[in-house]
There are 2 protein chains.
Amino acid sequence: MNVDAAGLEREIDELAAISSAPAPAVTRILFSDEDIEARAWLRAKFSAAGLSVREDAVGNLFARWPGSEPWLPAVATGSHTDAIPNAGKFDGVAGVLGALEAVRALQREGFRPRRSIEIIMFTAEEPTRFGLGCLGSRLLSGVLGAAEAADLRDAEGRSFDGLRTGAGCSGSLDSVRLSAGCYRAFLEMHIEQGPLLERAGIDIGAVEKIAAPAAFRVRIQGEGGHAGALLMPARRDASLAAAELALAVERAALESGSADTVGTTGVFRIEPDAINSVPARATLEIDLRDTNLATRDRAEATIRAAADSIAERRRVQIGIEVINSDAPANCDEELVSMICDSTAATGCSVFRMISRAYHDSLFMARVCPTAMLFIPCRNGWSHRPDEFASREAVAKGATVLADALRRLAA
Amino acid sequence: MNVDAAGLEREIDELAAISSAPAPAVTRILFSDEDIEARAWLRAKFSAAGLSVREDAVGNLFARWPGSEPWLPAVATGSHTDAIPNAGKFDGVAGVLGALEAVRALQREGFRPRRSIEIIMFTAEEPTRFGLGCLGSRLLSGVLGAAEAADLRDAEGRSFDGLRTGAGCSGSLDSVRLSAGCYRAFLEMHIEQGPLLERAGIDIGAVEKIAAPAAFRVRIQGEGGHAGALLMPARRDASLAAAELALAVERAALESGSADTVGTTGVFRIEPDAINSVPARATLEIDLRDTNLATRDRAEATIRAAADSIAERRRVQIGIEVINSDAPANCDEELVSMICDSTAATGCSVFRMISRAYHDSLFMARVCPTAMLFIPCRNGWSHRPDEFASREAVAKGATVLADALRRLAA
């Protein structure tokens, strides 16, 4: 398979330059100028490859290479191109541009698909703007309803519905949901975002399971006051309650009994946020994941008990809102085996593994048989400017993906 | 003394309406549109009272009622009108508008001062914009040099020097410093910002000592990563290190051996501040105060030791920068006695107390004999929208202040 490794690397760099953060950092927030510019850039790339492009009502992009029997359920592949603040250039992007290069490699070798092949760029895999990840695939799978989506508001109070139409997406939100059986399969290529493949010197991870994420927003109401005048025993400092809760999240993950449990307080904001003011309010956002739902539920219960105890001891109110709480997904065993076959056919090494991170595949698995292939990234780093996957690693992923697409579309 | 209690209350309300936060909250950040509008409003009030107004190169306002022997050192009084985000309407303002009403009351009763009386509105008592409180009085007293002040930068990187000229302040920063002996005395009236007067049912607190504030900026550098993929033992989460340090600040204050020690982590910011990202960096701002310098220094040493231990255990870097570290001030005993005499003469009750909060008087005490008078405020609340001092409490403060000004200026 003649994947153009250098060309693929060049395209990844081109897309990385469309960013609101200076290089090497990449920031592309949903419906920001950069997100909109990246979409236009991507559409041009799809068109140049002879693919017909459709955009749905929320900005999910579908680039189709029609098969000779276009009435058959298509084979889908893809990922996302949005990026959290100060992220890197491979997360999501490798799976979108890797899929495009896989399609072009198949075209170059004269392959004529029987089933259509469709590359999907999902809207807003990252939860940055609305605090809810995988907006596009949640809507495609029906896990998120049109009415709920329309009501989502960002930190500045702007609605998802207003922003998507402002960004040029038209049509009803109800039209986004996919019908069952619309795809023969969905394959997502992605950087591992963990260190296992690199450490083991393995080219491809065939993902069997995707860890179950849950996200919580915690609002803490204490009492403000003057930092000089309010004596310590009288205080009801919301920030210190938040600090204790963040540490309790860490402890609940460390002591869950499973090395796979991870708990993160990624958002920590206080008000008034002034040096001479006792913090009156705090907002935390907590991400808790496990490959085992029961273990995760136990960790959640531990965190809730800690919140109750902190609230009582510090005389503050703590409200916990569930942003999302999704069940783990199993990948389709036939597809996982096929990925392993494709690695053998293309001379790549493979092992089976789980995905600790959260992907659009989690939701696509509800719609059609789904599998993921991981490629190694340096030190397992992700969501940071020095996230890195080598030219060779990305090219090997695209090669295996192309082989699997050929098997599925033939 | 015929202080117009209702008129004074009305003026406090008028000034509170000049705010970037909706009522009842008041926000007036240095050189914001609201701060500039408040200054214009105040100049008009001063002029209407027949006072001649001068503004120095950093926006300190001086409103002068000339005495019959204008060559004598003047009697000064005043406070500030800037307000932290979501503050109340009395902090600082009571001392500026109370002084103005005291002067008008003296004018109404036909008093002819021998010494000039000067009302000072100090620039930026609150540290919101530059992280350094009492900018105006620090410069007046020479504690802060012109070159240091010029270099100060706000969170958006804008310089103090650029902002003050943008706000219409002209002249050299070197011209701001007061010469020794320029004032006979400085008196500052202020809400207590603590509960003691209200609880005891006392009208006036005669302040003998102002607590010693120190402020620190802490920068923590950990390592970011994906919240789903980065396993717990491998993390170097900057936010959790910050959480532990904020709790250590509280503990150091609680266990200092003195009930007067207060320690506050009023600023707590993390990056990237995204729910699915392990925090890579954190910035804290810490305020530590005591009436006893040695006790405060011990608490600071405890916090620094905690930072070292957290940094080592969590494998993060913690840098601590001293923003300011000021010695406590003693009020002038002759002036404190005079305030007590004035309360007796005007039928008010008084007790002697310390100021736990930080005021322009701390710096004016380096330039001339200084004292403060406190008035009660509800529950001791301050730096919050429901900060409240009754019409009667403010009027009593203005009455005692007027009596003291008459004694000093006669």
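In the predicted model, the contact between the two chains draws 58 residues from chain A and 58 residues from chain B. On the chain A side, at least two residues each are supplied by strands S5 (83-87), S9 (212-221), S10 (225-226), S11 (262-271), S12 (277-278) and S13 (281-290), and by helix H8 (238-254). The largest share of this side, nine residues, is contributed by H8(A). Sorted by class, the side of chain A that touches chain B comprises 31 nonpolar, 19 polar and eight charged residues.

The arrangement of the two copies was examined next. In general, two copies of a chain are related by a rotation about an axis and a shift along it.

Taken along the principal axes, the C-alpha atoms of chain A fill a box of roughly 80 × 45 × 40 Å.

Chain A is divided into two domains: domain 1 covers 5-211 + 328-409, and domain 2 covers 212-325. The centres of these domains of chain A, taken over C-alpha atoms, are separated by 33 Å. Where the domains of chain A meet, eight residues of domain 1 are in contact with twelve residues of domain 2. The domain 1 side of this contact in chain A consists of five nonpolar, one polar and two charged residues.

An open sheet of four strands in chain A has the order S11-S13-S9-S14, with antiparallel pairing. In chain A, S11 and strand S14 (317-325) stand at the edges of the sheet with a single partner strand each, so one side of each lacks a neighbour in the sheet. From one strand to the next, the twist averages 15°. Strands S9(A) and S13(A) run antiparallel and are joined by ten bridges. Arg217(A) stands opposite Glu285(A) in S13(A). Helix H8(A) lies across S9, S11, S13 and S14 of chain A, and runs at about 175° to S11(A).

In chain B, an open sheet of four strands likewise has the order S11-S13-S9-S14, with antiparallel pairing. Strand S9 (residues 212-221) of chain B pairs with strand S13 (residues 281-290) of chain B over ten bridges in the antiparallel sense. In chain B, Phe216(B) stands opposite Ile286(B) in S13(B).

A further antiparallel pair in chain A is formed by strand S2 (residues 52-55) and strand S3 (residues 61-65), which four bridges join. Val53(A) has Ala63(A) in S3(A) as its bridge partner. The hairpin of S2(A) and S3(A) has five residues between the strands, and Gly59(A) in this hairpin takes a positive phi near 95°.

Definitions and conventions
Residues are numbered from 1 along each chain as its sequence is written. Chains are lettered from A and ligands numbered from 1 in the order in which they are written. This is a predicted model: local features need pLDDT of at least 70, side-chain atom pairs count only at pLDDT 80 or more; totals for chains, interfaces and linings use all residues. Two strands pair if DSSP finds at least two bridges between them. Domain bounds come from an automatic or database domain assignment. Two residues are in contact if their C-beta atoms, placed from the backbone, lie within 7 Å. Ala, Val, Leu, Ile, Met, Phe, Trp, Tyr, Cys and Pro count as nonpolar, Asp, Glu, Lys and Arg as charged, and the others, Gly among them, as polar. Axes are lines fitted to C-alpha atoms, for helices over the stretch in contact, and angles run from 0 to 180 degrees between N-to-C directions.
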